[in-house]
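Hi,

Here is the structure I promised to pass on. Have a look at it first, and then read my notes below.

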Amino acid sequence: MNLAVERKPLRADAARNVDKIINAARECFRQYGPDVPLQTIAATAGVGPATLFRNFSDKEQLVLAALNRQLRLNVDPVIDVALAGTDAAEGLFRVIDAVMTAASDNANLLGAVAGRRDLLTGITGSLIESVGVLLDRGQDQGTLRLDISLTDMVRLLAMLIGVVDTMEPGSDAWRRPAALVEDAIRAERPTRVLPPQVPLPSAQFDQAVPHAAPAQ
């Protein structure tokens, strides 16, 4: 599945088609949800199904390419600034915020590979490596807990990304749990007001919270 991120250089017209398909995929997943047919994406992109399948053999490969594009555009620049900065902990927290913003903006793309998170390994390797560097630096600087490992960070990030499934589209409800995670991995918890709590979507709330039995 690394074909989504390790492509050979394309001719200009082929590259334009790939861009149109990826942009159409993001639009269609956002509008129609994770089960949108590839034919709908091709029509939205203004290309034929054969062109789409020539570049992406299946929906998973297209989803990975679209997610990879968002990581490279919206997360990598934040990582570069964080790695060049002097405060590793603050840099790490900015990276977490960037990852969560990307996850929130692309919730339906993530939904299309739900249960297959192993597929994301090929596009998140550099992210995890950078998180490890920032974690080590923050521990050396005394700002991050010494008993936090990179394995812990990977699981915490996965937990935070799962928060997207409990949010309304376009919500920034992830900010409060992200702040809680950030406070938990600091060497000293800051005195600050947490971001406001956002209620669960009503349908999920009805399923998650048991109703009291009616009075007899």
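Before the surface numbers, a word on method: accessible areas come from the Shrake-Rupley method with a 1.4 Å probe, and for residues only the protein chains shown count as cover. On that basis the protein has an accessible surface of about 12,200 Å², and carbon and sulfur atoms own 54% of it.

Some ground rules. This is a predicted model, where local features need pLDDT of at least 70 and side-chain atom pairs count only at pLDDT 80 or more, while totals for chains, interfaces and linings use all residues. Residues are numbered from 1 along each chain as its sequence is written, and side-chain values use heavy atoms, with hydrogens and water left out.

So how confident is the predictor? pLDDT is its confidence in each residue, from 0 to 100. The protein's mean is 86, with 86% of its residues at 70 or more. Helix α5 (residues 76-84) has the highest confidence, at a mean of 97, and helix α11 (residues 202-208) the lowest, at 55. Residues 1-5 fall below 50, yet beyond near neighbours in sequence this stretch has 14 contacts in the model (contact means heavy atoms within 4.5 Å). Residues 211-216 are also below 50, and that stretch has 1 such contact. Where pLDDT is low, the predicted coordinates should not be read in detail.

On to the fold. There are 11 helices and 0 strands, taken from DSSP runs (H or I, at least four residues, for helices; E, at least two, for strands) and numbered from the N terminus. Of the contacts with a separation of 6 or more, 68% join residues 24 or more positions apart.

Leaving out residues up to four places away in sequence, M153 touches L92, I96, V131, L135, I148 and I185.

Cheers

Key:
pLDDT = per-residue confidence, 0-100.
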